[in-house]
Amino acid sequence: MTVHSITTSPFADQRPGTSGLRKRTTVFQQTHYLENFVQALLDVASLPPDATLVVGGDGRFHNREATETIIRMAAGNGITHVIVGRAGLLSTPAASHLIRSGAHGGIILSASHNPGGPNGDFGIKYNTGNGGPAPESFTNEVAERARVIQQYTIADLPPFNLDDLGTQQIGPLRLEVVDPVSAYAALMESLFDFDAISGLFASGFRMRFDAMHAITGPYAVEILERRLGALSGTVINRVPLPDFGGGHPDPNLTYAHDLVEELFGSDAPDFGAASDGDGDRNMILGQRFFVTPSDSLAVLAANATLVPGYARGLAGVARSMPTSAAVDAVAESLGIPCFETPTGWKFFGNLLDAGRITLCGEESFGTGSDHVREKDGLWAVLFWLNIVAERGQTVEAIVREHWARFGRNYYTRYDYEGVPTEAANDVMAHLRAQFATLPGTVVASRRVRSADDFSYTDPVDGSVSENQGIRVLFDDDARIVFRLSGTGTEGATIRLYIESRETDATRLGMDTSVALAELVTTALSMSDLVGRTGRREPTVIT
Ligand code: VG1
Ligand code: CO
């Protein structure tokens, strides 16, 4: 094996965002671009010489080429054992599980819910030995390193085979090609009551799972159809494609249209679900019924002890700041702690590692637990199926009972994508300028309690993360939150999150857009968003 040191020069834009480095595929195809960033990751990780590294991605365009480059660079940097999913494929939660099963870290190739293909997006991130996304301190160091990088190291390897399972010894490198699904499927079987869920399907319960031509197709076919006996054809758009069939693999009411149409149609199945590009997100639908991700987290927390893997109860729960406080009410009633973290799964890692939380989630269709260190789409689907099987009720009935018991947090998110960066910054600055004067004023018949930038102090390691979103909090627990996305690749995306809490039994069944209309108007006028961006309507409402 010959190892080459290649001279390179830095790229100015290699700063990881909410979840790794995401850019246009064409940006990643520039000479040295991927290599520079991988070298920066490996430099900061400084793995021991006998380290095991997991590599895999969501199968989008450029996945295989990048996987091969990373394997050569790993070998060049003295890593002696690489575990890779067959054909370079691994869902994000499956990669997390493999890392936790004995590796020192992993490199995951994905731009998650962003479209793929030659004109789409590509992404890469590093997960540490706990299986979770590297913390901010690590990603900041990577950005610093990438800013000054002068060379990278890569090995000349004879051709290797990523398509057949088994181990190849290539010089000092042991390359292990594993089935992407089997270890993950076994983990799911250890957490959920597969007999109960099989019984549900055997009784005629009908489900549709939309894999959106992304990574979860093979996982869902194996688990839902083969192991649990769901009707064949339950999983649609099941073949992963490099461009996701031209779609936008984001499981929400806008982009999972095939599924939504069917679940809201006249012959709707009992249950619908979808996942995203890399398999860590989930959307849950009942028959003609949509479960908000914030409500989903709360329902899972309230029903966790019905599921074998969580029968011991929950140590605590956590949600990202913009996620609705529905789960807070459950935590209060269970007498367990509830943590509020910044957006991004990396902030749950310390809490999970320290055993302070068992379940956590985000409003962006992300739910997970201490079984891995990523959010996990299929896991959430199985959790719901297990609850439905145990309770023998419809999804809608479960959620309505939940609201009656814990109250309802009406919730919506408006995304304004592709806004010019200056205009987006201007909206945020305009809001910040009102921090001093807003508290105490009455808007939308509510009194503002406080207005600030959310800052988080990690209770485990004391690290502080500032400027994590603008919050306007009201006396009645309603909230308006503004954030700039850290995963977009074109201009800026403004996210506006709106929530109001209702405990009056006669007001639990309203339409969300009606319940939140006044707050939406308030948020738009307070921010002057339309005036400053020229956007009359959001790109996506969830
Ligand atoms: C978005 C979501 C955030 C999520 C992140 C990664 O980030 O809002 O909740 O953790 O995507 O999810 P942002 O910065 O664009 O708001 V995934 O499935 O893209 O890894
Ligand atoms: Co994702």
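Analyst: What follows starts at the domain contact and then moves through the helix pairs, the sheets and the ligand shell. The model is predicted.

The domain assignment divides the protein into domain 1 (2–179), domain 2 (184–406) and domain 3 (408–541). The part to look at is the contact of domain 1 with domain 2. Taken over C-alpha atoms, the centres of these two domains are 28 Å apart. On the domain 1 side, 29 residues are in contact, and they meet 30 residues of domain 2. Helix α4 (residues 92–100) supplies the largest share of the domain 1 side, with 6 residues. By class, the side of domain 1 that touches domain 2 has 16 polar, 9 nonpolar and 4 charged residues.

Helix α4 also packs against helix α6 (residues 182–191), where the two axes come within 9 Å and cross at roughly 85°. The two helices, α4 and α6, are therefore roughly perpendicular to each other. From α4, the residues in this contact are Pro93, Ala94, His97 and Leu98, and from α6 they are Ala183, Tyr184 and Leu187. In class terms, the contact of α4 with α6 consists of 6 nonpolar residues and 1 polar residue, with no charged residues.

The contact of α10 with α14 has 6 nonpolar residues, 1 polar and 1 charged.

Helix α14 leads on to a sheet. The sheet is open, has 5 strands in the order β11-β10-β12-β13-β14, and its pairing is mixed. At its edges stand β11 (235–236) and β14 (289–291), each with a single partner strand, so one side of each lacks a neighbour in the sheet. Helix α14 packs on this sheet and touches β12 (271–275), β13 (282–286) and β14; the direction of α14 makes about 55° with that of β14. Phenylalanine 209 is opposite valine 235 in β11.

Another sheet is also open, with 7 strands in the order β20-β21-β24-β25-β26-β19-β27 and antiparallel pairing. The edge strands are β20 (442–443) and β27 (540–541); each has a single partner strand, so one side of each is left without a neighbour in the sheet. Strand β20 runs antiparallel to β21 (residues 446–453), and 2 bridges join them. Valine 442 has arginine 447 of β21 as its bridge partner.

That leaves the ligand. Around ligand 1 there are 18 residues, of which Thr18, Ser112, Ser485, Gly486 and Thr487 come nearest. The shell around ligand 1 divides into 12 polar, 5 charged and 1 nonpolar residues.

To return to the part you asked about: helix α4 gives the largest share of the domain 1 side that touches domain 2, and among the α4 residues that meet α6 are Pro93 and Leu98.

Methods:
Residues numbered from 1 in each chain as written. Chains lettered and ligands numbered in written order. Predicted model: local features only at pLDDT ≥ 70, side-chain atom pairs only at ≥ 80, totals over all residues. Domains from an automatic or database assignment. Contact = placed C-beta atoms within 7 Å. Helix = DSSP H or I, 4+ residues; strand = E, 2+ residues; numbered from the N terminus. Nonpolar A, V, L, I, M, F, W, Y, C, P; charged D, E, K, R; others polar. Near = placed C-beta within 6 Å. Pairing = 2+ DSSP bridges. Axes fitted to C-alpha atoms, helices over the stretch in contact; angles between N-to-C directions. Parallel < 35°, antiparallel > 145°, perpendicular 65-115°, else oblique.
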